[in-house]
Amino acid sequence: MRDFVHLHNHSDYSLLDGASSIPSLVARAQGLGMKHLALTDHGNMFGALKVYKTCRAAGINPVIGCEFYVAPGSRHEKGTSDGSRSNGGESGARYNHLILLARDRVGYRNLLKLTSMGYTEGFYYKPRIDHEILEQHSQGLICTSACLAGLIPQKIMHGQEQEALRIAGQYSEIFGKNGFYLELQDHGIEEQKTVNKVLLDISAKTGIPLVATNDIHYTTADDAGAQDVLLCIGTNKKRNEKERLRFGGPEFYMKTPEQMWDLFGSAPDALNNKLAIAEQCTLDIDLPGPLLPDYSYPPEFGSPDEYLRHLAFRGLAERYPNYPEEIRARAEFELQTIISMGFTGYFLIVWDFIDWAHRHDIPVGPGRGSGAGSIVAYCLRITDIDPLKYGLLFERFLNPERVSMPDFDVDFCFERRGEVIDYVTQKYGSDRVGQIITFGTLKPKA
């Protein structure tokens, strides 16, 4: 079997576009004997850590990347200018595509910066970057010209071959020798044959290397229908509508090395370069496990543990006046567990922002989930449900045998929730506070 690497792959984190789960992509690559596998989801890196762990567990080198949306001008301009269109018929005037892959940790950090800036500074229908920040954060990255929605293929399709040549030279300067590749694709789409011919000419004129890819949006050919349904859901269209976004055939799956050599055997360098690119990508991500926060306690206390104990027993006296020994013993047991497992800072920080909300008359929910089983949380007024009255177990929330991290489910008044976020950001620093994202999955009921 010939060596081959797939470097242009979309998982279901390319929301309502990619139909492959990361485990299925990795399993397919492993079954085909591939030693490397990339992930290049559209505009985001939501699946980066998952594919990194899954590939490593399967003995495959993970290549972390992203297919970026690039604004036609400045990322700050929220309008259209160039009238281009994408490979599926979607209007692409607001952006073009570009693939970036991380060679190392520097490149990985630059991917993180670029994706974040795409959302925070360039978002207009999609998270967009531009050439300004691309030049500033190009170190440690390998770039390819992407699919028909890429800027260079778009110029070729519009008869602007000299402009395509100029842009190719520009990318080659930004990313340096062996840092930029012209991407050949063949999914049976007529426009790709035209584009590939010009890309071969540009490569011959400039020495810019070629790379052959398959634009993977589903794992096997049998999944093409499911992916088409996803597109219809994402665009609010019906499958029988003629004027809708659709892919030009069922070829966007993970093909075997033999299939790829059959397609691009006349351009062997483009196939061999895939392995050369993958072997340059030697990213090693530190996974230190949970890094629990510290809390700046008042100076009159000897340690954060002592301060937590003070707050807990002060609250115990308020919640349970003249409390009996068994209640004190329950609180001691919980405190010993919290302190021994290193969660003192976590409890104090949650107590801090909930206490601030109470003092500023911001409504706070009574607490949900297993955290309501903690008498220490009840005494700190993190929760307002008496665990003793309802027979709730602390061990469901925190115990030395628990594998996953515990967390409190806290609800704030939606009208003033932003004030609490601002308080936490100002007190602890914007570099130590982040918001999380959740993903909805499509199951039979949906």
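1. Strand β6 (residues 180-184) is largely enclosed by the rest of the structure, because five of its five residues are buried. Here buried means under 20% relative accessible area, exposed means over 50%, and partly exposed lies in between, with a 1.4 Å probe and protein chains only. The names of the elements follow DSSP runs, numbered from the N terminus: helices are H or I runs of at least four residues, and strands are E runs of at least two.

2. The model is predicted, and therefore local features need pLDDT of at least 70 and side-chain atom pairs count only at pLDDT 80 or more, while totals for chains, interfaces and linings use all residues. Residues are numbered from 1 along each chain as its sequence is written, and side-chain values use heavy atoms, with hydrogens and water left out.

3. Which residues of β6 point one way, and which the other way? Phe180, Leu182 and Leu184 point one way, whereas Tyr181 and Glu183 point the other way, and all are buried.

4. The pairing of β6 may be described next. Two strands pair if DSSP finds at least two bridges between them. Strand β5 (residues 141-144) runs parallel to β6 and is joined to it by two bridges; Cys143 has Phe180 of β6 as its bridge partner. Strand β7 (residues 210-212) also pairs with β6 in the parallel sense, over three bridges, and Glu183 has Val211 of β7 as its bridge partner.

5. Together with helix α7 (residues 190-206), strands β6 and β7 make a right-handed β-α-β unit. A crossover is right-handed if, with the strands pointing away from the viewer, the path from the first strand over the helix to the second runs clockwise.

6. Leu98, in strand β3 (residues 96-102), has a relative accessible area of 1% and is therefore buried. Which residues is Leu98 in contact with, leaving aside its neighbours within four places in sequence? They are Cys66, Glu67, Phe68, Val70, Leu134, Cys143, Thr144, Ser145, Ala146 and Tyr171, where contact means heavy atoms within 4.5 Å. The C-alpha atoms of Leu98 and Thr144 are separated by 6.5 Å, although these residues are 46 residues apart along the chain.

7. Empty space is a further topic. Rolling a probe the size of a water molecule over the atoms shows where empty space is left. On a 1 Å grid over the protein atoms alone, a cavity is a set of points where a 1.4 Å probe fits but cannot get out, and a pocket is an open set with protein on both sides within 12 Å along at least five of seven lines; lining residues have an atom within 4 Å of a point. Grid points are joined across faces, edges and corners, and a volume is the space filled by probe spheres set on the points.

8. The largest pocket holds about 1300 Å³ of space. Its lining has 25 residues, and Phe353, Val424, Val433, Gly434 and Ile436 lie nearest the centre. The elements that give two or more residues to this lining are α13 (344-359) and α15 (417-428), and α15 supplies the largest share, six residues. The lining divides into 15 nonpolar, four polar and six charged residues. Ala, Val, Leu, Ile, Met, Phe, Trp, Tyr, Cys and Pro count as nonpolar, Asp, Glu, Lys and Arg as charged, and the others, Gly among them, as polar.

9. How many cavities of 30 Å³ or more does the structure hold? There are three cavities of that description. About 50 Å³ of space lies in the largest cavity, and its lining includes Glu183, Ala146 and Gln192. Helix α7 gives the most to this lining, with four residues. The second largest cavity holds about 40 Å³ of space; β2 (61-70) supplies the largest share of its lining, three residues.

10. Two loop residues deserve mention. Most residues other than glycine have a negative phi. Asn322 has a positive phi of about 55° although it is not a glycine; Asn322 lies in the loop between α11 (304-319) and α12 (325-340). Asp361 likewise has a positive phi of about 55° without being a glycine, and its place is in the loop between α13 and α14 (375-379). Asn322 counts as exposed because its relative accessibility is 80%, and Asp361 counts as exposed at 63% relative accessibility.
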